[in-house]
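User: Please take me through the labels attached to this structure, setting each value against the definition behind it.

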Amino acid sequence: MKQQILTSLTTDELRKLINESVLNALQEAPIGNYIPEDREIMDVNEVAAFLKVSKHTIYRMTHKRELPHYKKGGKLYFKREEIEAYRDSGKQLTQEEFEAQARKKLRKN
């Protein structure tokens with residue numbers, strides 16, 4: 001962007017410059033999905049964004065007791081570490097990890 005002195009801008013030019021700057025900033029910022037890493041307790045919206053599923057899916061999963069959660073005063077709460085553990089529990093082993101695990105079990109027997 002060219003550097004301009006503000007006093008040389010017309011009102012319309014200044015308005016256009018501000019609008020462009022705001023639009024660029026909004027496009028670059030992940031506002032809807034931002035969850036601070038230090039946030040220990042998460043709500044339904046944050047968990048849905050974190051797991052990239054709908055809120056309906058989160059409610060269904062809690063109803064079926066598939067997702068660790070807490071309920072107080074009619075609201076659902078989730079511990080970040082438990083949600084991360086849930087997400088990571090679906091990890092598929094690589095071929096190398098799978099073979100190493102198989103060798104380890106064979107040695108035990």
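**Labels and their cut-offs**

Analyst: Helix α2 (residues 44–51) is mostly covered, since seven of its eight residues are buried, where buried means under 20% relative accessible area, exposed over 50% and partly exposed in between, computed with a 1.4 Å probe and protein chains only. The model is a predicted one, in which local features need pLDDT of at least 70 and side-chain atom pairs count only at pLDDT 80 or more, while totals for chains, interfaces and linings use all residues. Residues are numbered from 1 along each chain as its sequence is written, and side-chain values use heavy atoms, with hydrogens and water left out.

User: Which are the buried residues of α2, and what do they pack against?

Analyst: The buried residues are Val44, Glu46, Val47, Ala48, Ala49, Phe50 and Leu51. They pack against β1 (41–42), α3 (55–63), β3 (75–79) and α4 (80–88), a contact being heavy atoms within 4.5 Å. These element names follow DSSP runs numbered from the N terminus, with helices as H or I of at least four residues and strands as E of at least two.

User: What makes the phi of Lys52 worth a remark?

Analyst: Most residues other than glycine have a negative phi, whereas Lys52 has a positive value in a residue other than glycine. Lys52 sits in the loop between α2 and α3 and is called exposed because its relative accessible area is 73%. Arg65 also has a positive phi, of about 60 degrees, although it is not a glycine; Arg65 lies in the loop between α3 and β2 (70–72), and its 73% relative accessibility makes it count as exposed.

User: How do you know whether α5 is covered or lies in the open?

Analyst: Of its 14 residues the number buried is zero, so α5 lies largely in the open. Helix α5 (residues 95–108) reaches 20 Å from its first C-alpha to its last, close to the 20 Å expected at 1.5 Å a residue, the expected span being 1.5 Å times one less than the number of residues.

User: Which residues make the nonpolar surface patch?

Analyst: Leu14, Ile18 and Val22 make that patch, of about 230 Å². Ile18, in helix α1 (residues 11–28), is partly exposed because its relative accessible area is 46%.

User: How many helices and strands does the protein chain have, and what share of its residues counts as buried?

Analyst: There are five helices and three strands, running α-β-α-α-β-β-α-α from the N terminus on. Of the 109 residues, 17% count as buried.

Conventions:
Patch = residues over 30% accessible without salt bridge, like charges linked within 9 Å, V, L, I, M, F, W, Y side chains within 5 Å. Areas by Shrake-Rupley, 256 points an atom, 1.4 Å probe, with all protein chains shown as cover. Salt bridge = Lys/Arg side-chain N within 4 Å of Asp/Glu carboxyl O.
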